[in-house]
Amino acid sequence: MSPSAAGHPRVVVIHPLLVRVTHWINAIAVFCMLFSGWAIYNASPLFPFVFPKWATLGGWLGGALAWHFAAMWLFALNGLIYALYGLLFRHFARSFLPVSPAAFWRDATAALKLRLPHRIGQYNAVQRLAYLVAFLLGILLLASGLALWKPVQLQGLANLFGGYEAARRVHFLAMSGLVGFILLHLTLVILVPRTLVAMITGRARIPVDPVEARS
């Protein structure tokens, strides 16, 4: 490449097809689980509040349960495919690791000062930690959800959470954490809308490093 090309953007693939497909399937499954889960919660609230009817899915308890379990299996299968891909093809290692306390503090401080640079296709330490936490919350949601679904058959799992009622609270708190991640994720998409385009097309224009351009 000639020196005159330095700084000119090039189109590169930053999100493989499988990552994009599992991302959008996961989004559908999560929102179905959330809205149907809120309908289930309203039938027997844990706390002195209920979710508005317009934010629920299923129409009634039986319908909400049907939606919730269908979305749960989709979420679990899709997550398994994504996890296998991430481990076998080192997607997790490349995208989300390493995450050190020093890097997190540095990037979090820069973000609060609105000075954190963003290069599409690369996650900063705050984003990496957020995705790792969201992944763990998904596992916690599945485990606690199974304990609630089959508290007798999966009594050992339910006991790990301290019993049925404790599992309900763990499930609710994990759901709340996931909602917090979704709100953060959507905020970042609004602030940097080209990330949404990249997750649809898989490609983005990346400026060429001058040193790389001369090589």
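# Exercises on a predicted model

L46 is buried, at a relative accessible area of 15%. The model is a predicted one. Work through each task with the structure open.

## Exercise 1: L46 and its surroundings

Task: Find where L46 lies, and list its contacts beyond its neighbours within four places in sequence.

Solution. 

Step 1. Locate the residue. L46 sits in the loop between α1 (17-43) and α2 (61-88).

Step 2. Classify L46. Buried means under 20% relative accessible area. L46 has 15%, so it counts as buried.

Step 3. List the contacts. With neighbours within four places in sequence set aside, L46 touches Y41, E165, R168, R169 and F172.

Step 4. Compare sequence with space. L46 and E165 are 119 residues apart along the chain, yet their C-alpha atoms are separated by 9.2 Å.

## Exercise 2: A network of charges

Task: Work out how E165, R168 and R169 are linked.

Solution. 

Step 1. Side chains of opposite charge can pair when their charged atoms come close.

Step 2. Take the pair E165 and R168. They form a salt bridge, with the closest N and O atoms 3.7 Å apart. The cut-off is 4 Å.

Step 3. Ask how these two line up. E165 and R168 are 3 residues apart in helix α7 (residues 164-191), so about one helical turn separates them.

Step 4. Take the pair R169 and E165. Their side chains meet in a salt bridge at 3.5 Å, N to O. Both residues lie in helix α7, 4 residues apart, which is about one turn of the helix.

Step 5. Join the pairs. E165, R168 and R169 form a network of salt bridges.

Step 6. Check the exposure of each member. E165 is partly exposed, at 42% relative accessibility. R169 is also partly exposed, at 38%. R168 is buried, at 16%.

## Exercise 3: Another salt bridge

Task: The structure holds 3 salt bridges. Describe the one between R106 and D107, and state whether each partner is buried or exposed.

Solution. 

Step 1. Give the distance. The side chains of R106 and D107 meet at 3.1 Å, N to O.

Step 2. Classify R106. Its relative accessible area is 53%, so R106 is exposed.

Step 3. Classify D107. Its relative accessible area is 8%, so D107 is buried.

## Exercise 4: Helix α2 from end to end

Task: Then say what its buried residues pack against.

Solution. 

Step 1. Find the buried side. Among the buried residues of α2 are A64, H68, M72, F75, Y82 and Y85.

Step 2. Name the partners. The buried residues of α2 pack against α1, α3, α5 (125-149) and α7.

Step 3. L18, L77, L80, I81, L84, L88 and F89 make a nonpolar surface patch of about 690 Å². The largest share of this patch, 5 residues, comes from α2.

## Exercise 5: From α2 into α3

Task: Follow the chain through F89, R90 and H91, and note the place and exposure of each.

Solution. 

Step 1. Start with F89. F89 lies in the loop between α2 and α3 (91-96). At 52% relative accessibility, F89 is exposed. F89 also belongs to the nonpolar patch.

Step 2. Move to R90. R90 is in the loop between α2 and α3. At 52% relative accessibility, R90 is exposed.

Step 3. Check the backbone of R90. Its phi is near 60°, a positive value in a residue other than glycine. This comes just after α2.

Step 4. Reach H91. H91 lies in helix α3. Its relative accessible area is 8%, so H91 is buried.

Step 5. List the contacts of H91. Neighbours within four places in sequence aside, H91 is in contact with V19, Y82, Y85, G86 and F96. Y82, Y85 and G86 are buried residues of α2.

## Exercise 6: A cis peptide bond

Task: Which bond joins L97 and P98, and where is P98 found?

Solution. 

Step 1. Identify the bond. L97 and P98 are joined by a cis peptide bond, with omega about -5°.

Step 2. P98 is in the loop between α3 and α4 (101-112).

Definitions and conventions: Residues are numbered from 1 along each chain as its sequence is written. This is a predicted model: local features need pLDDT of at least 70, side-chain atom pairs count only at pLDDT 80 or more; totals for chains, interfaces and linings use all residues. Side-chain values use heavy atoms; hydrogens and water are left out. Helices (H or I, at least four residues) and strands (E, at least two) are DSSP runs, numbered from the N terminus. Buried means under 20% relative accessible area, exposed over 50%, partly exposed in between (1.4 Å probe, protein chains only). Contact means heavy atoms within 4.5 Å. Patches are made of residues with over 30% relative accessible area and no salt bridge: like charges are joined within 9 Å, nonpolar side chains (Val, Leu, Ile, Met, Phe, Trp, Tyr) within 5 Å. Accessible areas come from the Shrake-Rupley method with a 1.4 Å probe; for residues, only the protein chains shown count as cover.
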